[in-house]
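Subject: Structure handover

Hello,

I am passing this structure on to you. Please open it first, then read my notes below.

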Amino acid sequence: MSSYEAHFKVWRGDVSGGGLEDFKIEVNDGEVVLDIIHRLQATQAPDLAVRWNCKAGKCGSCSAEINGRPRLMCMTRMSIFGREETITVTPLRAFPVVRDLVTDVSFNYTKAREVPSFVPPADLGPGEYRMMQEDVDRSQEFRKCIECFLCQDTCHVVRDHEENKTAFAGPRFLMRVAELDMHPLDAAAETGLDRKTTAQDEHGLGYCNITKCCTEVCPEGIKITDNALIPLKERAVDRKYDPLVWLGSKIRRRQS
Amino acid sequence: MATGTEPHLNSGGVRTPTRAAIDAPHLRTDRWWLAPAATAAGLLAFVVYSTWRAFANTDYYAAPYVSPFYSPCLAENCEPMRSGPNWEIFGGWWGLSPALLILIFPLGFRLTCYYYRKAYYRGFWASPPACAVAEPHKKYTGETRFPLILQNIHRYFFYAALLVACILTYDTVLAFRDEHYEWGHMGLGTLVFLVNIVLIWAYTLSCHSCRHIVGGQLKHFSKHPVRYRMWQWVGKLNARHMLLAWVSLVSVALADFYVYLVASGAFDDPRLF
Amino acid sequence: MSVVDRQEWDVVVVGAGGAGLRAAIEARERGARTAVICKSLFGKAHTVMAEGGIAAAMGNVNAGDNWQVHFRDTMRGGKFLNQWRMAELHAQEAPDRVWELETWGALFDRTKDGRISQRNFGGHEYPRLAHVGDRTGLELIRTLQQKIVSLQQEDKKETGDYESRLKVFQECTVTRVLKDTASASGAAPGRVSGVFCYDRESGRFFVLEAPSVVIATGGIGKSFKVTSNSWEYTGDGHALALLAGAPLLNMEFVQFHPTGMVWPPSVKGILVTESVRGDGGVLQNSEGKRFMFDYIPDVFKEKYAESEEEGDRWYEDPDNNRRPPELLPRDEVARAINAEVKAGRGSPHGGVFLDVSNRMPAEVIRRRLPSMYHQFKELADVDITAEAMEVGPTCHYVMGGIAVESDTAAARGVPGLFAAGEVAGGMHGSNRLGGNSLSDLLVFGRRAGLHAAQYAAGLAEGRPAVDDVEVDAAAAEALRPFSAEEGPQAGAEAGRPPENPYTLHQELQQTMNDLVGIIRREAEMEAALQKLAELRVRARRAGVEGHRQFNPGWHLALDLRNMLLVSECVARAALERTESRGGHTREDHPTMEREWRRLNLLCRLTDPTGELAATDPVRGQIRLARETTEPIRPDLLALFEKEELVKYLAEEELYE
């Protein structure tokens, strides 16, 4: 087992200001960035604020930016850095800072509430649901989401433009709209809610310019852009920009 | 605290006052600029080349090969191509290069393509230049208003691209003739055309709109087993959309360049049989 | 003293894991205004770590399954120590709880005919676990979270406010359950009146006044060094109940999983699923020997292979060969690993080797064990198709917990206090079956929410009042770490530097791991109690730097009280129970005793006023009491064969 001393820069401060603080800290074989942050807490900075929970990449709490890239600290192995390299850890830069590495992620909870929930079919009771595996596959992929909000953090629509936060739900919650729209038993349409249209009109799908950063940072490897956002855009096109599809659905509805 | 940076005053994005006080627009230490720079360089090279060739209006036909930039040829001022794609819909009044008439469609298809959009938004627009690198623009409305809202018509260009791909397939069939229009021959050009048309089809069919139309729009795959299979198949291609976008771009330029070399006499098409 | 913010609610739920959220949903649907308090962000609870599935006898895969079979499996798994009524309710209601998740949007893996797929698991007679790949816990949490959002959307439509009837206080911690006192209320004192909390982000204190409090805080694993549990598992709920005067039941039963990761340090304790061994993984010591053959106890001799060749044949032909000893019960495997390490034949990082790489082709490993392949690849940079894993026992689950009424989930002796999930005791007896925890959360979460709402509604105007003196005392207790340097408390010497809470925590974890771990001995547990007494004294001087805003050092200092209390419960109960059963293994009392089956051990606070000051280090803070359980109902007993019952029940129970 070999250990060495690494150079860390960790952002410390709160909403009234702050900056990168330098630390020299021991690193052992097999450790991840979160281990080092914990060692800083235990030995040099007991009040260093950081969120974490499962330490196994399953809860999505320890999101931060490491050398400028949004990542989970528990899933960032120290071995990917050179021993001479300075490792910079900052809080997520798209959200208001609370203290040190902790940010106020309430934006995401606000957006979660704005997406109308699953609408159970009126004619099916508990235990009567029948769904085929191939019909749930797509939504299941999106439900792998651990809500680390790295996609929300990296998305330039809100990261670089605070003013867009009211109009834009962000990749995670547009993906939630897609998940519900692809749910084989979601009965929203029967209640007059067209998720395809509201994706654009109310959740800001049009702001997405599919530059794929959400997919790049997703620790669960969900193909957010290709499997959720673009299909959702195409579904919005069905509703709003494609007279052929519109005509077809009209005719079919008349027939049935 | 610490080094005593004050909170940002009244500047936007990552420098919004409530956010962590860090002045740098990004803290990435890798070569994040490489990908957008390479993308921009690659696209720029193609634009320069294709502009030259599209406006040149010469050296696009060397029997039996017609450059994909000039097929189908929709004006009277086209070179006659025996049983080739001469459809003079535009009659005689069109005086410019006939390439400009037809190139609108593949150009539109690629311009509104979900991959190319990413590529040029990042490469040319720097919106964003790379992930977690601040973009230089003050305002951003994405594809919510004119002109970028027109990106939504991608699927019409896809339909057009299907037609164009059919015509280029026809051109490839014609390439199985020799320069005297005898059937059953092949030259190096035929191979170039074959490779190109395969890549064009692969790129066209791997399109996100295509994936949506063949099956993605369905709610219940289980009720449409054939379309489900097609969706899965297109999905596999779609996973390589970026790769296909680039190789088909290069292959179409190479096919044109090959025709140019042969037509201008700089190179003699080696016949295989 | 300080003026503290107060809000009024009908039901307060402490904890936002599966049990807490299910309780909150039920309470809100029954008309109670409900507040949920959780230490982490909403949706991050430890429940997300559950992989296997939710056990429910739906009979989708094998129609022979029903609640009676499930009940039987649960009782066997718990070595008949379970509160049988809880096990009965659990088995009966689990299918409904799973089905209702679907109506809230959950997407389980499907069978060919479109129903919820169910998988096999250890101890379950039929395929029974509803699952979503290996992320069932995440699906459970997300579904409950989204159901809560959906209820809030309804409330918004009606009242204009999302949080008018159901509110989540995320990143807040409860430090005390408040009760009314004789002076404050005319009626019988001792009823729950609310909770005292602090907001982790700002450090501000607040009080939620409510006649019903549901505790759903999960387990205690963070008192042990090697654990699969997250930081939240500091036994808060156990301690809150103790301090409020409710007893804890059978705290000696802690489930250790034999195979957790031991290397690298960042992932120490994370579970390596049992199916690695089920699929052919073998345990080897540093000499490359498959040591499990040396550890087959006599009682199992006939059921397990005697040679490697026979064991290997079992994977292909289980009918004509005996299974390899790697598949012995968890406690046997864990004991063997322990012995090998102690004998100096362990792996470099203090475990043993679990190898699949020499057993099957790389591609087969990746297909059969995808999540394990990724877990080691991504977290440890170990390619399990090419090298062996290092594994060792890890603290996984506590079967013991708050003693509750089986039907209502009401904590005994404290009106208005309810408990559900891992924090509640009894349901799993001495050992929990895989898959039964998620169904436990749902079944008893719902029951707790239901009865908490009913209790609150029944009080109408005569609600217990919050006593200002209690609030002030709680605030003073919570602030103590900031003034620790001055040593104002008895037992702390003035002028001595404050203790580092991180150091104290590490020493506590080491103590529990070494002395009250998987294999227990009388002398070691006595030593542990001594050490705990010393730590308790030092913990009173635990001091912190900085201020109250999101200060993890302070949070840990406050959690130490809970961990110390719970650890003492575990140690005292383990010392008392002189037999080995399920999650409690005594080296000095290695057999299961039928007499002990009827005996429950209850932990109560020595000083019932809830004050923790000035306790005698040797006597400690916990008083133990034995209690004889109610006999199992005859119709439930009739589900078992007589020959089986004789192994567990005492003579007189059989003929009653």
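The contact between chains B and A takes 50 residues from chain B and 53 residues from chain A. Two residues are in contact if their C-beta atoms, placed from the backbone, lie within 7 Å. Before the details, two notes on reading. This is a predicted model, where local features need pLDDT of at least 70, side-chain atom pairs count only at pLDDT 80 or more, and totals for chains, interfaces and linings use all residues. Residues are numbered from 1 along each chain as its sequence is written, while chains are lettered from A and ligands numbered from 1 in the order in which they are written.

Back to the side of chain B that touches chain A. Helices α3 (114-123), α6 (208-216) and α7 (225-238) of chain B each supply at least two of its residues. The most comes from α3(B), with five residues. Helices (H or I, at least four residues) and strands (E, at least two) are DSSP runs, numbered from the N terminus. By class, this side of chain B has 19 nonpolar, 21 polar and ten charged residues. Here Ala, Val, Leu, Ile, Met, Phe, Trp, Tyr, Cys and Pro count as nonpolar, Asp, Glu, Lys and Arg as charged, and the others, Gly among them, as polar.

Chain B also has cis peptide bonds. One runs from Ser127(B) to Pro128(B), with omega near -5 degrees. Another runs from Phe146(B) to Pro147(B), with omega near 0 degrees. Pro128(B) sits in the loop between α3 and α4 (154-174) of chain B. Pro147(B) is found in the loop between α3 and α4 of chain B.

Now chain C. It is divided into domain 1 (5-253 + 414-469), domain 2 (257-395) and domain 3 (492-605). Those bounds come from an automatic or database domain assignment. The centres of domains 1 and 2 of chain C, taken over C-alpha atoms, are 34 Å apart. Their contact takes nine residues from domain 1 of chain C and twelve residues from domain 2 of chain C. On the domain 1 side, two are nonpolar, five polar and two charged.

Next, the strands. In β8 (residues 172-179) of chain C, eight of the eight residues are buried, so this strand is largely enclosed by the rest of the structure. Buried means that 20 or more other C-beta atoms lie within 10 Å of a residue's own, with C-beta atoms placed from the backbone. β8(C) pairs with β9 (residues 192-199) of chain C in the antiparallel sense, over seven bridges. Two strands pair if DSSP finds at least two bridges between them. Lys179(C) stands opposite Val192(C) in β9(C).

Chain C also has an open, antiparallel sheet of four strands, in the order β13-β16-β15-β14. β13 (254-261) and β14 (282-284) of chain C stand at the edges with a single partner strand each, so one side of each has no neighbour in the sheet. Between β15 (residues 352-355) and β16 (residues 389-398) of chain C there are three bridges. Leu354(C) stands opposite Met389(C) in β16(C).

Finally, which residues other than glycine have a positive phi? Lys212(A) is one, with phi near 70 degrees. Its place is in the loop between α7 (195-201) and α8 (213-217) of chain A. Lys212(A) is buried, with 23 other C-beta atoms within 10 Å. Phe80(C) is another, with phi near 65 degrees. Phe80(C) lies in the loop between α2 (67-77) and α3 (84-103) of chain C. Phe80(C) counts as buried, with 26 C-beta neighbours inside 10 Å.

Best wishes

Technical notes
Buried ≥ 20, exposed ≤ 12 C-beta atoms within 10 Å, placed from the backbone.
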